[in-house]
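Hi there,

Here is the structure I promised to pass on. Have a look, and my notes follow below.

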Amino acid sequence: NVVVFAGPAAGLKLSSAQSLCQAVLAFVAFCLAASATYAFNDVVDRKADASHPTKRLRPVARGAIRAPTAIVFSVLLAATAISLTLLLLPPGVMAVLVGYFVLTLAYSLTLKRRVILDVIVVAIGFVLRALAGSAAVGVPTSEWLIACVFTLCLFMGFGKRRCEIAMIGNTDDIGQHRRTLVRYTPDLLNHLLAVSA
């Protein structure tokens with residue numbers, strides 16, 4: 001969520017107390033929004049996470065938090081993010097936040113099962129953060145900033161997929177954890193990493 005500060009920093013707005021305050025509020029709103037979507041996603045992924053070497057320790061996957069409780073927590077976080085944005089930030093930030101919620105909901109329910117598109121959606125989520133930061137302080141977002149954030153996040157996303165395959169190792173276990181990983185190969189990921197780099 002620190003990406004929220006990229007636009008204000010590039011627009012030289014962080015030296016203004018008012019702009020800095022607006023940027024911090026946008027950062028807090030996206031921390032709440034991201035936490036809401038992670039809680040929801042953990043409910044959706046709880047069975048797959050239970051078979052993962054490290055994700056099985058997550059509270060929902062290990063049963064420390066029940067799924068309905070996590071959903072209530074997710075809704076409360078989302079409502080707080082929306083309220084904060086409506087009350088204290090410009091309308092442009094709300095438009096970006098709604099787009100972020102729609103995108104991440106679609107990701108949790110279906111898009112994360114689409115090879116390559118899964119990483120593209122995650123990268124777009126970071127671009128939305130940069131757009132929200134710019135909207136919060138009233139500066140236009142540079143096309144170069146969008147391109148850099150997008151390709152950097154593609155690089156990190158494909159790197160994460162490569163790491164997951166290496167960590168899990170066994171093809172059967174990979175399919176149980178994340179279905180799309182079966183369709184990623186080390187060679188494909190190496191190529192995608194090179195292109196995004």
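In which helix is N41 found? N41 is in helix α2, where helices are DSSP runs of H or I with at least four residues, numbered from the N terminus. This is a predicted model, so local features need pLDDT of at least 70 and side-chain atom pairs count only at pLDDT 80 or more, while totals for chains, interfaces and linings use all residues. Residues are numbered from 1 along each chain as its sequence is written, and side-chain values use heavy atoms, with hydrogens and water left out.

N41 is buried, at a relative accessible area of 12% (buried is under 20%, exposed over 50%, partly exposed in between, with a 1.4 Å probe and protein chains only). Leaving aside residues up to four places away in sequence, N41 touches S108 and K112 (contact means heavy atoms within 4.5 Å).

Helix α7 (residues 117-137) and helix α8 (residues 143-168) pack at about 140°, with axes 8 Å apart; the axes are lines fitted to C-alpha atoms over the stretch in contact, and angles run from 0 to 180 degrees between N-to-C directions.

Enjoy exploring!

Conventions:
Helices (H or I, at least four residues) and strands (E, at least two) are DSSP runs, numbered from the N terminus.
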